[in-house]
Amino acid sequence: MSSGCALLLEILLALFFPPLGVCLRYGCCTVEFFICLLLTLLGFLPGIIYALYAIVLVNPDRDDYRGRYYVLA
């Protein structure tokens with residue numbers, strides 16, 4: 001779990017440039033980053049909504065959160 005200050009910084013960056021906030025949380029070559037980048041290019045508001053969802057609600061510290069993505073592919 002990230003600290004409160006790091007989480008606040010990620011949320012603020014996600015409001016101004018959504019892929020940057022997701023990149024800080026997950027890294028630059030992840031599925032979450034590319035989904036956020038695509039949504040931001042298609043429309044700024046969907047990029048912000050997804051970035052906030054990915055930063056606040058999806059917990060990268062959980063072991064099984066990536067398993068669902070690979071099962072669907």
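In this predicted model, a polar atom of the side chain of Thr40 lies 2.7 Å from the backbone oxygen of Cys36, a pair that falls under the definition of a polar contact (N or O atoms within 3.5 Å, where within protein one must be able to donate a hydrogen and the other to accept it, and where residues adjacent in sequence count only if both atoms are side-chain atoms). Because the model is predicted, local features need pLDDT of at least 70 and side-chain atom pairs count only at pLDDT 80 or more, while totals for chains, interfaces and linings use all residues. Residues are numbered from 1 along each chain as its sequence is written, and side-chain values use heavy atoms, with hydrogens and water left out.

- Thr40 belongs to helix α3, which covers residues 31–42; helices here are DSSP runs of H or I with at least four residues, strands are runs of E with at least two, and both are numbered from the N terminus.
- With a relative accessible area of 14%, Thr40 is buried, a word that stands for under 20% relative accessible area, whereas exposed stands for over 50% and partly exposed for what lies in between (1.4 Å probe, protein chains only).
- When its neighbours within four places in sequence are left aside, Thr40 is in contact (heavy atoms within 4.5 Å) with Pro18, Pro19 and Gly47.

**The chain as a whole**

- The chain has five helices and zero strands, so that from the N terminus on its elements read α-α-α-α-α.
- Of the 73 residues in the chain, 32% are buried.
- Of the contacts between residues at least 6 apart in sequence, 49% join residues that are at least 24 apart.

**Helices α2 and α3**

- Helix α2 (residues 18–26) packs with α3 at an angle of about 180°, and their axes are 9 Å apart; the axes are lines fitted to C-alpha atoms, for helices over the stretch in contact, and the angles run from 0 to 180 degrees between N-to-C directions.
- The two helices α2 and α3 are therefore roughly antiparallel, since angles over 145 degrees count as such, those under 35 as roughly parallel, those from 65 to 115 as roughly perpendicular and the rest as oblique.
- On the α2 side this contact is made by Pro18, Pro19, Val22, Cys23 and Tyr26, and on the α3 side by Glu32, Phe33, Cys36, Leu37 and Thr40.
- Seven of the nine residues of α2 are buried, which leaves this helix mostly covered, and what covers its buried residues includes α1, α3 and α4.
- Just after α2, Gly27 takes a positive phi of about 105°.

**Helices α1 and α4**

- The axes of helix α1 (residues 4–16) and helix α4 (residues 44–57) come within 8 Å and cross at roughly 165°, and α1 and α4 are therefore roughly antiparallel to each other.
- Leu7, Glu10, Ile11, Ala14, Leu15 and Phe16 of α1 make the contact with Phe44, Ile48, Ala51, Leu52, Ile55 and Val56 of α4.
- Leu12 is also placed in α1, where it is partly exposed, with a relative accessible area of 40%.
- Although Leu12 and Leu52 are 40 residues apart along the chain, their C-alpha atoms are separated by 9.6 Å.
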